[in-house]
Amino acid sequence: MKKNIIKISTITVAGVLALASVSFAEEGKPRPIKDARQQEVKPLRQEMRTEIKDDRMEFREERKMEVKDTRGQIQENRAEFKAKVEDLKGNGVKGDIKIEARKMMEENKNIRQLSREEIEKKRSELKTEVKTRIAEFKEGKKEILDEARKEKVKEVIEKVFGRLSGALERLKAFDARISAAISARKAKGLDTSKAESAIEEARNALETAKVAVEETKSASTESVDDSQGVSNEALRSAIEEAHSALKIAKEKYIEVIKSLPIPKRPEGTSSSTPETTN
């Protein structure tokens, strides 16, 4: 029986987690995921830009109205001042004209100051509104991409678990074949005690591998369901343990192959090729 009868797919833990890293990063900014989810972000970005544009246009209109109202009040004050000057000149009171002029100038100064403060207030409100809209967009984008990353991680993990499970099933199938081979040799009267002892050790290793593969499934489920982000450490450890357990089980079954007794050739037979004569 050939040693290469047991075939276990090589699973590189670093490679698996490298694939998963496109979905969740433990530190720093996550890598962008170029899939259909990115298309869902575009409407959010367009909506944010439209709303910000509308907010700025509204601010400009309000600023124009404020400037227009301010000029109107100043013009009214000047008109009132001119009317008072005419009355004072008619009454021959020149000293009160200077008082009225200072009064008018002070009122106009206050009007301009209030107008500037009102415009500055609206500008500050606009900045706050823009920041809020950008923050809302980023939050919406994050939710969409986080969901996409989780789906990507789930997809990668399913492939990994499938490979581990496939390797486990191949070992189980080989166990049945090698067990049949031991029974056949035992029925022929051969000493199979070493093989029987070796297959018991192999089956114990196979059971350990089975548990390790199930642990990988459990760790992967917890990682994907973690709303605070994926911790790769538990998943990394589970994959490494499963891979190691499968490797050990494979080696144990190879030892079973080596321990199989070799049937003796019937007496009188020769492995050499008989000579032929012409």
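A residue counts as buried at under 20% relative accessible area, as exposed at over 50% and as partly exposed in between, with a 1.4 Å probe and protein chains only. Buried residues make up 32% of the 278 residues in the protein. This is a predicted model, in which local features need pLDDT of at least 70 and side-chain atom pairs count only at pLDDT 80 or more, while totals for chains, interfaces and linings use all residues. Residues are numbered from 1 along each chain as its sequence is written, and side-chain values use heavy atoms, without hydrogens and water.

The protein has five helices and zero strands, helices being DSSP runs of H or I with at least four residues and strands runs of E with at least two, numbered from the N terminus.

One aromatic pair is counted (ring centres of Phe, Tyr or the six-membered ring of Trp within 6.5 Å; planes under 30 degrees apart stacked, over 60 edge-to-face, the rest tilted). The rings of Phe174 and Tyr253 have centres 5.7 Å apart and planes at 90°, so the pair is edge-to-face.

| Residue | Helix |
|---|---|
| Phe174 | H3 (residues 95-187) |
| Tyr253 | H5 (residues 232-259) |

The pair thus ties together parts 79 residues apart in sequence. Both Phe174 and Tyr253 are buried.

Helix H3 also holds Arg185. Leaving aside neighbours within four places in sequence, Arg185 is in contact (heavy atoms within 4.5 Å) with Leu190, Thr192, Leu260, Pro261 and Pro263. A polar atom of the Arg185 side chain lies 3.0 Å from the backbone oxygen of Pro261.

How values were computed: A polar contact is a pair of N or O atoms within 3.5 Å; within protein, one must be able to donate a hydrogen and the other to accept it, and residues adjacent in sequence count only if both atoms are side-chain atoms.
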